[in-house]
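Work through the exercises below with the structure in view. Try each task before reading its solution.

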Amino acid sequence: MLSIGEFSKICEVSTKTLRYYDEIGLIHPDQINPENGYRYYSISQLKTMLYINRLKSYHFSLEEIKEILEGEADQSEEKLRLALNRKRREIQEKLHAYEYTLKQMNQDILNLEQGIHLMSYLDDIEVQLVETGSMNILYMRQMMSSDDYTLGYGRYYSRLYEKIAREKLTLVGTPMTIYHSPEYHPAGNDTEFALPIKEAVKGTRDLCGGLCARSVLKGAYSNLTSVYAKLREWVENEGYALTQSPYEVYVTDPYQALTAEEMVTEVYFPVTKK
């Protein structure tokens, strides 16, 4: 048996952390002395602790690690493989995001060296006034927190695509997201996921067409706030008023785009002349 101090030293995990892991049910001491409360871990538990540390190094949350550890014996290997593949995709997405940020930063440094203002890129965002037609959309509407977006988008669009396949519906456009909240709330925003389809069935509605201010983003979604700011400025300067919730149309599938630069998103602001 190893004291909590010895176990802590070997695994390089503080005793405070080990007590917390015990509290949340991640790894319990093998024995606790009833007289003095001293905690002891068995030699075999070193492997479990190293396993936990390895999963933590892969950026799994403690909740995710606990779920993996509690998996059924006959399913644990498959469950671990799926979890590792999912986490690998998440890390790859973050790496791509960092690479894109570095590229932007390098360009900003180059522009500053040439006397070009950091925010000059806003002048390159074009806005057009377009007339859109009405469309029939299959939709799901949810309150989404900022932390939910990455997983939420895939989850809800998958359900919409499954319904289209199951009911043999006809897809006539690319995915859309409509934002209904009048202001941004980190805790939750009224978000509608939609796919344009031909058939009017249960779960569909009409998205009215009309006059829209439109801009096209070629690049990472993190730049969408700049597009929204440019559109809002244009609407005000040109004497228009917003009439409905703004929406995005994803011209390219983010899961098919090899780089952020290949991603194309259209942003629409339904408007009317003041």
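A residue counts as buried when its relative accessible area is under 20%, and as exposed when that area is over 50%. Keep in mind that the model is predicted.

**Exercise 1. Find phenylalanine 7, decide whether it is buried or exposed, and list what it touches.**

Solution. 
Step 1: Locate the residue. Phenylalanine 7 sits in helix H1.
Step 2: Apply the cut-off. Its relative accessible area is 0%, so phenylalanine 7 is buried.
Step 3: List the contacts, skipping residues up to four places away in sequence. Phenylalanine 7 touches Leu2, Leu18, Ile27, Tyr41, Ser42, Gln45, Leu46 and Met49.
Step 4: Take one of these, leucine 18. Phenylalanine 7 and leucine 18 are eleven residues apart in sequence, and their C-alpha atoms are 9.2 Å apart in space.

**Exercise 2. Compare two serines: is serine 8 buried or exposed, and is serine 134 buried or exposed?**

Solution. 
Step 1: Start with serine 8. Helix H1, residues 4-11, holds it.
Step 2: Serine 8 has 12% relative accessibility, so it counts as buried.
Step 3: Leave out residues up to four places away in sequence. Serine 8 then touches Val13, Ser14, Thr15 and Leu18.
Step 4: Turn to serine 134. It lies in the loop between strand S4 (128-132) and strand S5 (135-144).
Step 5: Serine 134 has 51% relative accessibility, so it counts as exposed.
Step 6: Check cysteine 208. From serine 134 it is 74 residues away in sequence, but 4.5 Å away in space, C-alpha to C-alpha.

**Exercise 3. Describe strand S7: how many of its residues are buried, and which way do they point?**

Solution. 
Step 1: Count. S7 covers residues 189-196, and eight of its eight residues are buried.
Step 2: Sort the residues by direction. Asn189, Thr191, Phe193 and Leu195 point one way from S7. Asp190, Glu192, Ala194 and Pro196 point the other way. Both groups are buried.
Step 3: Find one partner strand. S5 and S7 run antiparallel and are joined by eight bridges. Arginine 141 has glutamate 192 in S7 as its bridge partner.
Step 4: Find another partner strand. S6, residues 176-179, is joined to S7 by four bridges, and the two run antiparallel. Here threonine 177 has phenylalanine 193 as its bridge partner in S7.

**Exercise 4. Work out the strand order of the open sheet of three strands, and say which strands stand at the edges.**

Solution. 
Step 1: Read the order. It is S1-S3-S2, with antiparallel pairing.
Step 2: Identify the edges. S1 (2-3) and S2 (31-32) each have a single partner strand, so one side of each is left without a neighbour in the sheet.
Step 3: Examine one pairing. Two bridges join S2 to S3, residues 39-41. Glutamine 31 stands opposite tyrosine 40 in S3.

**Exercise 5. Examine the backbone angle phi at glutamate 12 and lysine 168.**

Solution. 
Step 1: State the background. Most residues other than glycine have a negative phi.
Step 2: Check glutamate 12. Its phi is positive, about 55°, although it is not a glycine.
Step 3: With a relative accessible area of 74%, glutamate 12 is exposed.
Step 4: Check lysine 168. Its phi is also positive, about 55°, and it is not a glycine.
Step 5: With a relative accessible area of 71%, lysine 168 is exposed.

**Exercise 6. Step back and describe the protein chain as a whole.**

Solution. 
Step 1: Count the elements. The protein chain has seven helices and twelve strands.
Step 2: Check the radius of gyration. A compact globule of 274 residues would have one near 19 Å, but the protein chain has 26 Å.
Step 3: Note the extent. The C-alpha trace spans about 80 × 60 × 35 Å along its principal axes.
Step 4: Turn to burial. Buried residues make up 35% of the 274 residues.
Step 5: Finish with charge. The protein chain has 31 positive and 40 negative side chains, and the centres of the two sets lie 3 Å apart.

Technical notes. Residues are numbered from 1 along each chain as its sequence is written. This is a predicted model: local features need pLDDT of at least 70, side-chain atom pairs count only at pLDDT 80 or more; totals for chains, interfaces and linings use all residues. Side-chain values use heavy atoms; hydrogens and water are left out. The radius of gyration is taken over C-alpha atoms; the globule rule is 2.2 Å times the number of residues to the power 0.38. Buried means under 20% relative accessible area, exposed over 50%, partly exposed in between (1.4 Å probe, protein chains only). Lys and Arg count as positive and Asp and Glu as negative; His and the chain ends are not counted. The place of a charge is taken as NZ of Lys, CZ of Arg, CG of Asp or CD of Glu. Contact means heavy atoms within 4.5 Å. Two strands pair if DSSP finds at least two bridges between them.
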